[in-house]
Structure formats: structure tokens, C-alpha cells
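Visitor: I am new to this structure. Please show it to me, and I will ask as we go.

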Amino acid sequence: MASCPCLNSSMVLSKPKQPAASFSSLDFLNSQHLSSSSSSLSFTASPISGVRCRSRKINRRYSVQVMASIDKPRKPLKIMISGAPASGKGTQCELITSKYNLVHVAAGDLLRAEIAAGSENGKQAKEYMEKGQLVPDEIVVMMVKNRLSQADAAEKGWLLDGYPRSSSQATALQAFGFKPDLFILLEVPQEILVDRVVGRRLDPVTSRIYHLTYSPPETEEIAARLTQRFDDTEEKVKLRLQTHNQNVESVLSLFEDITVKVDGSLSKEDVFAKIDSALSNLMEQKNTTLGAAAT
């Protein structure tokens with residue numbers, strides 16, 4: 001009996017009652033028989049005249065294997081990124097959230113939103129920020145906690161930008177049950193930080209950050225509307241750096257076993273390459289652990 005090129009050794013053939021169909025007419029994988037979705041993938045073979053196929057059990061087992069590989073569970077990442085003012089946290093957060101689809105939570109943005117709204121918390125926070133001091137924990141902690149408790153952060157994972165800034169904030173966050181998988185610290189020499197901050201400008205229309213030297217605006221129109229944050233002066237940034245340096249060591253002591261230090265003076269591409277490598281390894285470890293627990 002001539003063998004059919006589209007059948008494998010798992011199929012049992014019986015004597016054909018009609019002439020064998022040509023290969024071109026054996027429509028195994030047309031649009032009616034190939035189904036796929038984001039959660040499963042399965043293949044079924046059309047009956048062939050004169051051929052009895054006992055491959056259903058094999059196909060079903062193959063389908064389960066494919067579904068297991070596609071539906072492999074993923075534990076959401078919980079990441080903190082810290083560093084002094086102008087250390088590049090914002091840029092790296094954009095790159096991280098773009099690739100890993102994490103919910104970006106910036107404590108600074110939460111505070112500025114309160115200040116812009118003129119709330120009582122915002123007024124108090126502004127007084128401390130203008131002095132280059134940390135905003136008291138009771139003002140910040142609940143805002144961050146409430147944001148991390150929302151459904152999107154729980155489902156996708158989160159990236160905390162600029163929080164915690166003190167050991168008391170870190171302890172309060174852990175008391176609410178929020179502990180990071182990885183703590184990323186961007187390290188940049190102080191003279192570079194001061195230069196970055198003093199030349200930094202904000203576009204109030206697009207919220208994009210420019211630098212007069214390193215990343216100037218594209219047009220004169222944009223340049224004309226740029227503003228400088230009230231705390232982006234040399235005097236205030238030096239106070240902020242002093243405060244930051246006094247607190248960062250105490251924060252690191254709580255996350256010493258999960259801390260990754262990155263040279264933030266490198267190009268943004270090189271900085272992200274180091275962060276990306278650490279996150280990729282972390283994801284692989286988490287999924288391996290989750291897969292082992294599932295079996």
C-alpha cells in the first residue's frame with residue numbers, strides 16, 4: 001500500500017474504499033481546522049475518505065502540552081527603583097514599564113498632584129519640599145498604599161519610583177504587605193546630579209522633561225514655554241542630596257539581599273541593559289518557582 005505523506009506513524013490506516021486523495025486536497029490545516037487564541041492552541045485533522053485515524057488521543061495530549069506552555073502562569077513583578085534627584089529614575093521607569101507592562105507609581109507625582117489640587121496635604125508637603133526636606137511619612141504612606149492596592153497594580157505588578165525614601169517609609173510599606181522582589185539603586189556622582197538638575201526644564205503641555213544642554217527642546221516654540229520646577233535650583237538640590245544621602249543607607253539595610261546597584265552616569269541604554277538583565281533573570285526565577293509549585 002502506498003504511504004500517505006501527510007500521515008505519521010501514530011495513525012493507523014485501513015484499506016481505502018475510494019482512490020486516495022491527492023496531497024493538495026488533504027486540507028489538514030485550513031482556517032476551519034486551525035484554531036488559536038491567547039490562551040490555547042489545538043490542531044484537529046479532517047477525516048480523509050478511506051482512512052481511519054486513531055490520533056485523537058495523541059492530538060488531545062499535544063494540545064494540553066501546547067496550552068501549558070502558552071498559559072504558563074506569570075507572577076507579577078514588584079520593583080522599587082531609587083536614586084538621588086536627576087539620577088535617571090524617570091527615564092528608566094519609562095523603559096521598564098514599556099517592556100514589562102508594570103504599573104508605574106511615582107511618589108513625587110502623587111505629591112505634586114496634591115500640591116496642584118491645593119489640598120491640605122499638598123500645602124503641607126510643599127512647605128517641606130521648598131526647604132529641601134522629606135515630606136512626613138503620614139502624608140505619603142497612605143497615598144502610595146492606596147495606589148498599590150488597586151486592581152491593575154495587583155494584576156500587572158508595580159514599579160515604585162522614588163519611594164521609599166527613608167527606613168520609616170519602607171517599614172510602613174512592609175507593614176501593609178508590600179515588599180519588593182528587587183530594589184534598584186541608581187548611583188551618580190553629586191557633581192553630575194547638580195548639573196543635571198539645574199539645567200532641567202519641564203514642558204507644561206506634554207509633561208516632557210528637557211535639559212538645556214543634554215536634551216534641548218526641538219523647537220523655539222517648545223523652548224519658550226518651558227518652566228523650571230521651584231525646587232530645581234542649585235541651593236535646593238544640594239539640600240535634597242544631603243537629605244537623600246542621609247536616608248538611603250538605612251533604606252538599603254532593609255533590602256540588602258535584593259538590591260541591585262547600577263551606575264547611573266552611563267548612557268540610558270547601558271543603564272537599562274543592566275536593569276533589563278536583572279529583571280529578566282528575576283522573572284525566570286519566579287516563573288520557575290511557580291511552575292515547580294504547580295506540579
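Visitor: Where does Ser-207 lie?
Guide: This is a predicted model, in which local features need pLDDT of at least 70, side-chain atom pairs count only at pLDDT 80 or more, and totals for chains, interfaces and linings use all residues. Residues are numbered from 1 along each chain as its sequence is written, and side-chain values use heavy atoms, with hydrogens and water left out. Helices (H or I, at least four residues) and strands (E, at least two) are DSSP runs, numbered from the N terminus. Ser-207 lies in the loop between strand S7 (200-202) and strand S8 (209-211).

Visitor: Is Ser-207 buried or exposed?
Guide: Buried means under 20% relative accessible area, exposed over 50%, and partly exposed in between (1.4 Å probe, protein chains only). The relative accessible area of Ser-207 is 54%. Ser-207 therefore counts as exposed.

Visitor: What is the phi of Ser-207?
Guide: Most residues other than glycine have a negative phi. Ser-207 is a residue other than glycine, yet its phi is positive. The value is near 65 degrees.

Visitor: What is the phi of Asn-101?
Guide: Asn-101 sits in the loop between helix H2 (89-100) and S4. Asn-101 is partly exposed, with a relative accessible area of 45%. Asn-101 is not a glycine, but its phi is positive, at about 55 degrees.

Visitor: Which residue does a cis peptide bond join to Tyr-163?
Guide: Most peptide bonds are trans. Here omega is about 0 degrees, in a cis bond.

Visitor: How many residues of strand S5 are buried?
Guide: S5 covers residues 157-161. On one side Gly-157, Leu-159 and Asp-161 are buried, and on the other Trp-158 and Leu-160 are buried. The count for S5 is five of five.

Visitor: Which residue in S5 is the bridge partner of Ile-81?
Guide: Two strands pair if DSSP finds at least two bridges between them. Strand S3 (residues 77-83) runs parallel to S5, joined by five bridges. Lys-78 stands opposite Trp-158 in S5. The partner of Ile-81 is Asp-161.

Visitor: Which residue in S5 is the bridge partner of Ala-106?
Guide: Strand S4 (residues 103-106) is also parallel to S5. Four bridges join S4 and S5. The partner of Ala-106 is Asp-161.

Visitor: Which residue in S6 is the bridge partner of Ser-82?
Guide: S3 is largely enclosed by the rest of the structure, because six of its seven residues are buried. S3 pairs with strand S6 (residues 182-187) in the parallel sense, over five bridges. The partner of Ser-82 in S6 is Leu-185.

Visitor: How far apart are the closest N and O atoms of Asp-231 and Arg-229?
Guide: A salt bridge is a side-chain nitrogen of Lys or Arg within 4 Å of a carboxyl oxygen of Asp or Glu. Asp-231 is buried at 4% relative accessibility, while Arg-229 is partly exposed at 24%. In their salt bridge, the closest N and O atoms are apart by 3.2 Å.

Visitor: What is the N to O distance between Arg-240 and Asp-232?
Guide: Arg-240 counts as buried at 14% relative accessibility. Asp-232 counts as buried at 2%. Their side chains meet in a salt bridge, and the N to O distance is 3.5 Å.

Visitor: Which residue forms a salt bridge with Lys-238?
Guide: The two partners lie in helix H10 (residues 234-254), four residues apart, about one turn of the helix. Lys-238 is partly exposed at 40%. The partner is partly exposed at 42%, and its name is Glu-234.

Visitor: How much space lies in the largest cavity?
Guide: On a 1 Å grid over the protein atoms alone, a cavity is a set of points where a 1.4 Å probe fits but cannot get out; lining residues have an atom within 4 Å of a point. Grid points are joined across faces, edges and corners, and a volume is the space filled by probe spheres set on the points. Residues lining the largest cavity include Ala-107, Tyr-163 and Arg-165. The space in the largest cavity is about 50 Å³.

Note on methods. 1 Å grid on protein atoms, 1.4 Å probe; cavity = no way out; pocket = protein on both sides within 12 Å on 5 of 7 lines; lining within 4 Å.
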